[in-house]
Amino acid sequence: MFLASINIVELIAAIAGLIFIKKYRVDKITRYFVYFLWLTVFVEVVFGWLPACIHYFESFSFFRGTFLEKSNYPIYNIFHIVSFAFYIFYFRSNIRNGKIIIYFNYLLILYFIASILNLLFTDVFYLRISSFNYIVGSILIFLSTIFYFFEIFKSDKILTFHKSIVSYVSIGALIFHLSITPIFIYGSYYSNSKDPEFVQIYRIILTAANIFMYTCYTIGFIVCSKKNKSYL
């Protein structure tokens, strides 16, 4: 139920984004963002449901005996690196301060290298979601969105803040990671203590945060479509 709810809002946001870039003139970074949304839908739907499908459906029996039968941690550890790196790149691309852009270029490269090394030289890859990659990625997203907001509030763009898709993406991504990261950190310390109440709370918060984030994206595409000129 929780995963299905998340998949639905992800798909709605991806469809809204696809309609937006097909019908209206947008920049390359917005197109990349929509493509990223579709990549997210693919990963979440295919690999999010794959362990259950392997377990319950005989047609997926050829996956039995592989790491995919036990968990989807390897896939999500790789995808989290891609996801955090993209968000950092996305917000960096919408910052105009040259020095800040250079700093984030270095941080993005360092994060990517450090995350890969963390997966290669620790036992986390197959066992759980990497805390290092997730927490550091969340911090960098927080910093990049803060710098974006700082620039907007110092310029005349604040008057058209509600007409920019970047604004909706930044609000959605920022609130999502501020909500999820603390409980993720808590969960990483108590991963070995099977607490069904904590798991339930975590799933509820994760679902609510995802619904909020992808709803922000969908609303952003709808609102921003009103200021764009159609190709048609």
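**View 1. Cys 216, a buried cysteine.** With a relative accessibility of 11%, Cys 216 counts as buried; buried here means under 20% relative accessible area, exposed over 50%, and partly exposed in between, using a 1.4 Å probe and protein chains only. Please keep in mind that this is a predicted model, in which local features need pLDDT of at least 70, side-chain atom pairs count only at pLDDT 80 or more, and totals for chains, interfaces and linings use all residues. Residues are numbered from 1 along each chain as its sequence is written, and side-chain values use heavy atoms, leaving out hydrogens and water.

**View 2. Cys 216 and Cys 224, too far apart for a bond.** Cys 224 is buried, at 1% relative accessible area. Its sulfur lies 12 Å from the closest cysteine sulfur, that of Cys 216. A disulfide is a pair of cysteine sulfur atoms within 2.5 Å, and the structure holds zero of them.

**View 3. Helix H2, residues 28-56.** Helices are DSSP runs of H or I with at least four residues, numbered from the N terminus. H2 has 29 residues and reaches 42 Å from first to last C-alpha, close to the 42 Å expected; the expected span is 1.5 Å times one less than the number of residues. Lys 28 belongs to this helix and is exposed, at 61% relative accessibility. From Lys 28 to Leu 39, the C-alpha atoms are 16 Å apart.

**View 4. Helix H4, residues 73-93.** The end C-alpha atoms of H4 are 30 Å apart, which agrees with the 30 Å its 21 residues should span. H4 is mostly covered, with 16 of the 21 residues buried.

Notes. Helices (H or I, at least four residues) and strands (E, at least two) are DSSP runs, numbered from the N terminus.
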